[in-house]
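Please read the points below with the sequence and the model side by side. They are written as a colleague's note, one topic to a paragraph.

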Amino acid sequence: MVRTKLQRCKDCEEYGLGDICKHCDGKMETVAPLKYSPEDPQGTRRRQRVDAGSDIWIESLPTPRKVIEGEEEE
Ligand SMILES: [Zn+2]
């Protein structure tokens with residue numbers, strides 16, 4: 001899967017996509033993408049943190065829908 005590499009300015013820590021910061025013309029460095037594991041060892045903890053399955057959590061979703069057990073939000 002191709003991802004656009006997110007860059008971050010070394011000087012002002014603004015995020016962007018180019019090699020040069022749009023804010024201060026500083027040099028941008030690539031931000032390492034979040035690691036993703038299919039096994040998702042943190043999944044249970046993360047779902048607990050967002051209180052997945054609760055009415056509040058459901059309302060926070062972009063589109064109300066039936067929650068499929070085990071489905072990742074990504
Ligand atoms: Zn900058």
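1. Does glutamate 13 count as buried or exposed? Glutamate 13 counts as exposed, because it has 10 C-beta neighbours inside 10 Å; by definition a residue is exposed if 12 or fewer other C-beta atoms lie within 10 Å of its own, buried if 20 or more do, and partly exposed in between, with the C-beta atoms placed from the backbone. Glutamate 13 is found in the loop between E1 and E2, and it has a positive phi of about 60° although it is not a glycine.

2. Before going further, please keep in mind that this is a predicted model, in which local features need pLDDT of at least 70 and side-chain atom pairs count only at pLDDT 80 or more, while totals for chains, interfaces and linings use all residues. Residues are numbered from 1 along each chain as its sequence is written.

3. On confidence, the pLDDT (the predictor's confidence in each residue, from 0 to 100) averages 78 over the protein chain, and 72% of the residues score at least 70. Confidence is highest in E1, at 93, and lowest in helix H1 (residues 43–49), at a mean of 74.

4. The protein chain has two helices and three strands, which follow one another from the N terminus as β-β-β-α-α. Here helices (H or I, at least four residues) and strands (E, at least two) are DSSP runs, numbered from the N terminus.

5. The three strands form an open sheet in the order E2-E1-E3, with antiparallel pairing, and its edge strands, E2 (15–16) and E3 (28–30), each pair on one side only. Two strands are said to pair if DSSP finds at least two bridges between them, and two bridges do join strand E1 (residues 7–9) to E2. Within the sheet, arginine 8 stands opposite tyrosine 15 in E2. In general, strands of a sheet pair through backbone hydrogen bonds, either parallel or antiparallel.

6. Leucine 17 is exposed because 10 other C-beta atoms lie within 10 Å, and its C-alpha atom is separated by 5.3 Å from that of glutamine 7, 10 residues apart along the chain. Aspartate 25 counts as exposed, because it has 10 C-beta neighbours inside 10 Å, and it has a positive phi of about 60° although it is not a glycine.

7. How much of the protein chain is made up of buried residues? Buried residues make up 4% of its 74 residues. Among contacts with a separation of 6 or more, residues 24 or more positions apart account for 11%, where two residues are in contact if their C-beta atoms, placed from the backbone, lie within 7 Å.
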